[in-house]
Amino acid sequence: MTDDMVVWLEEVGKEDIAIVGGKGASLGEMLRAELPVPAGFAVTAQAFRRFIDENGIGEELFSSLEINVDDAETLKEAERKAKKLINGAKIPEDIEKSIRDKYRELCGRKGEEVFVAVRSSATAEDLPDASFAGQQDTFLNIKGDANVIEAVKKCWASLYGARAIYYRVKQGFEHSKVNLCAVVQMMVDAEKAGVMFSSHPSTGEPLTIIEAAWGLGESVVSGAVSPDYYVIDRRIKKIQERKIASKNIQHIRDQKTGRTIELPVPDDKKNAKVLEDEEILKLVELGEVVEDLYGIPQDVEWAIMDHEFFMLQSRPITTIKKKKDTKEKAAMSALLEGLGASPGIACGEAKLISDASELGKVKDGDILVAVMTTPDMVPAMKRAAAIVTDEGGMTCHAAIVSRELGCPAVVGTRKATELLSDGMMITVDGEKGLVFEGKKEVQAAPESQTRASVSFTKSKPLTATEVKVNVSIPEATARALETQADGVGLLRIEHMILGLPKHPKQYIKEGNADEYVNELVSRIQTVVDAFYPKPVWVRTLDAPTDEFRAMEGGEGEPIEPNPMLGYRGIRRDLIDTEHFELEVRAFRELIKRGYSNMGIMIPLVQHPSELRRAKEFMRSKGLDIDKTDIGIMVEIPAAALIIDQFIAVGLDFVSFGTNDLTQYTLAVDRNNEHIAHLYNEMHPAVMKLIEHVIVECNKAGVKTSICGQAGSNPKVAKRLVELGITSISANIDAVEAVREMVARTELQLLLKSARERRG
Ligand code: PEP
Ligand code: MG
């Protein structure tokens, strides 16, 4: 125990949670056990309390938090007021001096000014063991004493972020009884990093699991790359399983700005193993020490720099299940029935997820069960063996992302979250849309039906109609490329944006618009680069407000009675031109980098003036639209009916967004499982609109394509080829079947016309 306001991490231990919070105490314990934790110090919870008291802001601060947290506007206002109070207050001089002295000493140890991370470690006065993980902010890459002091204050202010206020109220914590310690730790410039489970995360067996990737650990923790995967039997120190993944991107620290940037992995390292055997065994050893220290299996974030090992964080694994002694019985009939949204069969333990904070529950091989998935669940969807949802149709988020990940999925079961429970063993048949209780023997499940093993090794038939592929998440690029598609007929950028840590507006508000543009560029570049020189049609933002509102800083998204008919697509960009301009900047940068294969596609147009205004805007912001293919999505019947007027404005291509075109033509909400039986992409009215557009476009020499789900249906593909469509863009898993159908249809047409000519 110590009375100091700012303490070295090695001076604290597990008895000091009230002073340095759970995270600070745990780091102190690890240092005491001589585990390689990056050096650092803690600005204690008591320092925070003195800061509040000496500035006399406590009363005003805590009374401003007595609000109805379910009202997003009020919550946002409370955050603003509270943060203003904190930011306007002064850190007591002696505390500031101690922070400065300790930071200087850290720099002295390294012989240079060092980058540090400032992390929050909250503690409740009456319940020191309570977990506030992930509720407050971390500030990375901070350098210089003034910046460190500033970051400590920002870290304290993050105790009053909307998310943290909401969490405390819902968990029944009094705001005035929760304090925040700021942990200041040297940053590690990792060459390789990842996570490790010291024991098996679901069975608790002494099997260590390690995931590793190049660069900083962010790419593994956030799920941005598929890492290498190793399973080690700790008892005999034997590496039992080793999967070397294709690692396309890495996060590294920019030496000038200190910012974390995403870069492509050099070609020679993409498929190379990240860890040598000795490194794996050294990590296993460290995992054992930390597990012994806490007496419970640990989930560790580790890094390696200049052959030196570091443990950045360690938390107990909370998912280990005791073996149930109930008899496992294979159910004879399905427990649940829904839509088979992504083919494949998998069995595993159900893990019910109600929001992104619970994603850690889903470990490799588990079945993710949710009312509906959201973009921030993608990292867990990647680990899941299958996905089951209550809601949704064939074009909902869960369906689109599962297909791209090659993960079996059943959506729209209506009651999965009611009938399934955590830890229950289930079998999911994503082809037939069925979920069975228990481990069902699945005979003759061909290899090609299991996750990520779809193979495209057959020789590819040549087709005059191009067969392209749809991509929504950059992580699907490698699988998309394997299809040997003729390009990308739809790159949805909203999924990329939704994968960022915060809302675009938040980047703008913090003065980081450049960083946001860079993020966009690097994500889009992953795809346009992989497919170069084949065309990639990048779609401008089509973001439904309900999905964007869930992001950090997304509270300002309008609440709409019907987001599907609301503020999305090009109508949104034409209002929020501040954001549209950033998209245009990203496109310009990609063109500057030589990606002449990029085309730009405008979503949800309903009047030609929208196309005209969008083009004028892009031109006014310096995009040479005469040198870039520009097209529109045909998703609204109005656009189909007056396609000639769009052609008159000038466009290079159109693409049928049948997911929306079907819902708007038939008045059937595409995500409503109750009326899914009425949702018919081949309805004669939908086909009539499509036919009209193809005829008009062919007359005018404008290319036509389809990127809605209907394009993945070989029957629709056949009809479209007969109508004279220029290209078809299908889901990864459907490209091969569609290509075969296209080839066969083209041949039939040729034979037919030859016969007719012969008389
Ligand atoms: C569509 O509407 O068919 C389409 C491809 O766009 P999204 O599914 O993203 O609305
Ligand atoms: Mg659409």
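A residue counts as buried when its relative accessible area is under 20%, as exposed when that area is over 50%, and as partly exposed in between, using a 1.4 Å probe and protein chains only. By this definition Ile647 is buried, because its relative accessibility is 18%. Ile647 belongs to helix α23 (residues 643–649); helices (H or I, at least four residues) and strands (E, at least two) are DSSP runs, numbered from the N terminus.

This is a predicted model, in which local features need pLDDT of at least 70 and side-chain atom pairs count only at pLDDT 80 or more, whereas totals for chains, interfaces and linings use all residues. Residues are numbered from 1 along each chain as its sequence is written, chains are lettered from A and ligands numbered from 1 in the order in which they are written, and side-chain values use heavy atoms, with hydrogens and water left out.

The protein chain is divided into domain 1 (2–186), domain 2 (192–316), domain 3 (333–437) and domain 4 (466–758), with bounds that come from an automatic or database domain assignment. The centres of domain 1 and domain 3, taken over C-alpha atoms, are 37 Å apart. Ile647 and Lys269 are separated by 378 residues in sequence and by 47 Å in space, C-alpha to C-alpha. Beyond residues up to four places away in sequence, Ile647 touches Glu696, Cys697, Ala700 and Val702, where contact means heavy atoms within 4.5 Å.

Glu635 lies in the loop between β26 (630–634) and α22 (637–641) and Asp660 in helix α24 (residues 658–666), so the pair ties together parts that are 25 residues apart in sequence. Both Glu635 and Asp660 are buried.

Ligand 1 is surrounded by 13 residues, the closest being Arg492, Arg539, Gly657, Asn659 and Arg670; a residue is near a molecule if one of its heavy atoms lies within 4 Å of it. Strand β23 (488–492) and helix α24 each supply at least two residues of this shell, and α24 gives the most, with three residues. The table lists distances between side-chain N or O atoms and an oxygen atom of ligand 1.

| Residue | Distance to an oxygen atom of ligand 1 |
|---|---|
| Glu635 | 3.3 Å |
| Asp660 | 3.0 Å |
| Arg670 | 2.7 Å |

Taken alone, ligand 1 exposes 280 Å², of which the protein buries 96%; accessible areas come from the Shrake-Rupley method with a 1.4 Å probe.

**Thr465**

Thr465 is placed in the loop between β21 (434–437) and β22 (466–471), and counts as buried because its relative accessibility is 7%. The side chains of Thr465 and Glu746 are joined by a polar contact of 2.5 Å, that is, a pair of N or O atoms within 3.5 Å, one able to donate a hydrogen and the other to accept it within protein, where residues adjacent in sequence count only if both atoms are side-chain atoms.

**Backbone features**

Most residues other than glycine have a negative phi, and most peptide bonds are trans. Tyr532 and Pro533 are joined by a cis peptide bond, with omega about 5°. Phi of Leu604 is positive, near 55°, and Leu604 counts as buried, at 0% relative accessibility. Phi of Asp306 is positive, near 50°, and Asp306 is exposed, with a relative accessible area of 58%.
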